Amino acid sequence: MIRLILFTLFLVLPVTAHALAPAEVVVVANRFVEGSVPLARYYMEQRGIPAENLVRVRTTDQETVSRRDYDREIAGPLRSYLEKRGTDQPVRALVLMWGMPLRVSAPPLTREQEREKTQLETERDALRQEREQLREEPVEGEEKARRDARLGQIRTRLEAINESLRVMSPGWNSASVDSELSLVLAGEYPLAGMIPNPYFYGNRAKQAEMPVAREKVLWVSRLDAATPEIVRRVIDDTLYAEQHGLSGKAYFDARWSKPTNPNVSGYAFYDQSLHLAAEWVRQKTRMPVIVEDTERLFQPGEAPDTALYAGWYSLARYVDAFTWNRGAVGFHMASQECQSLRGGQYWCKRMLDEGVAVTIGPVGEPYIQAFPVPEIFFGLLVEGSYSLAECYMMSLPWLSWKMVMVGDPLYRPFGGEGRSE
């Protein structure tokens, strides 16, 4: 289905797409972090973004912000700014600058929710105990039928209780700042869990069913890293690659061979999507494409001259296999790879340290279906008509969730004269 969507897309794609314009980008910097505002101004000058498109907020210098402070210090001021601009000055994208927090923590439970949680846990424990006692009883005939019926009732009730407790859990109610800000103009929406992204290609035919309309969604990315020097390098490398063309090789690290049955789901779907992404890069560029299709990852020194990369699965253990070219784009599908951009061996942090200009990852457990679909992301990227922000949003299934994209939303590495070398 995804392959059909992309094939159709390329047939109907206009010669001149409405790519993101600098005047449609608003940059958000943190006044409480020294260097955040000057770095924002540097980026805006390089991209020709109007000076009035800078929003300076006062918020924590930590990577996590509470829900209360997010609403009061980030979302509230930004919403006011956007509403004052009005429709005559449209904004399509936000850039969060170095110094902005990464994640919004879950709001504390109310007293009523705490009581409900305690009651559910008590009922759950009692049902589990009853289930174990029933399983141990040697019964036959009608007694066995009654026992089995009761076990079925217990199973159904436990499933409902576990779902209710999951909705109350901190992980289900936290999100990346970036993903939440994509809905800053959307009004009230459920904080627990994920909101379908109306820009995602898989939702094209379901617009009437979307809980949030497209015109209420902003495209959010960030220019961030361990140091402001790395962020400045990212900005400069992005511009260099646009001017000279993104050169190098494309590496895709799948776990298995391409399946013969296209009707796959879950991990197999994303693994297949890596193979299909590789095919799109072969068709649309002159880049050499290398696919590793075993459970072995690319090892140190095995991926020189890297321009594009996508793969999995090495949780919070970056493998120094790559020599990143200027303007390189890469992301690794594993949990929590954007847990921190300041320390650790998380892939997003380490790839930025080593030279990428664009990377994507989650701030917490996202589940595999939350990642951008590689085939859509890379297919649109190498086609060249859309900005990075658009490629990301059209490949991203969910909002109000965990994902972060680090990179210049205006970036079009394949949109110039020399598309690739």
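Buried means under 20% relative accessible area, exposed means over 50%, and partly exposed lies in between. Keep that scale at hand for these exercises on a predicted model.

**Exercise 1.** Find where Gln336 lies and decide whether Gln336 counts as buried, exposed or partly exposed.

*Solution.* Start with the location: Gln336 sits in the loop between β12 and α10 (347–354). Next, take its relative accessibility, which is 30%. That value falls between the two cut-offs, so Gln336 counts as partly exposed. Finally, look at the backbone: phi of Gln336 is near 65°, a positive value in a residue other than glycine.

**Exercise 2.** Look at the peptide bond from Trp312 to Tyr313: is it cis or trans?

*Solution.* Read omega, which is near 5° for this bond; the bond is cis. Then place Tyr313: it is found in the loop between β11 (303–311) and β12 (322–332).

**Exercise 3.** Describe the largest nonpolar core and the surroundings of Phe378.

*Solution.* The largest nonpolar core has 104 residues. Phe378 is one of those with the most contacts inside this core, a group that also includes Val27 and Tyr43. Leaving out residues up to four places away in sequence, Phe378 touches Phe252, Ala277, Leu308, Tyr309, Ala310, Val329 and Phe331. Another core, of 21 residues, lies apart from the largest one, with Val65 and Ile74 among its members.

Conventions: Residues numbered from 1 in each chain as written. Predicted model: local features only at pLDDT ≥ 70, side-chain atom pairs only at ≥ 80, totals over all residues. Heavy atoms only, no water. Core = buried A, V, L, I, M, F, W, Y, C linked by side-chain atoms within 4.5 Å. Buried < 20%, exposed > 50% of the residue type's maximum accessible area, 1.4 Å probe, protein only. Contact = heavy atoms within 4.5 Å. Helix = DSSP H or I, 4+ residues; strand = E, 2+ residues; numbered from the N terminus.
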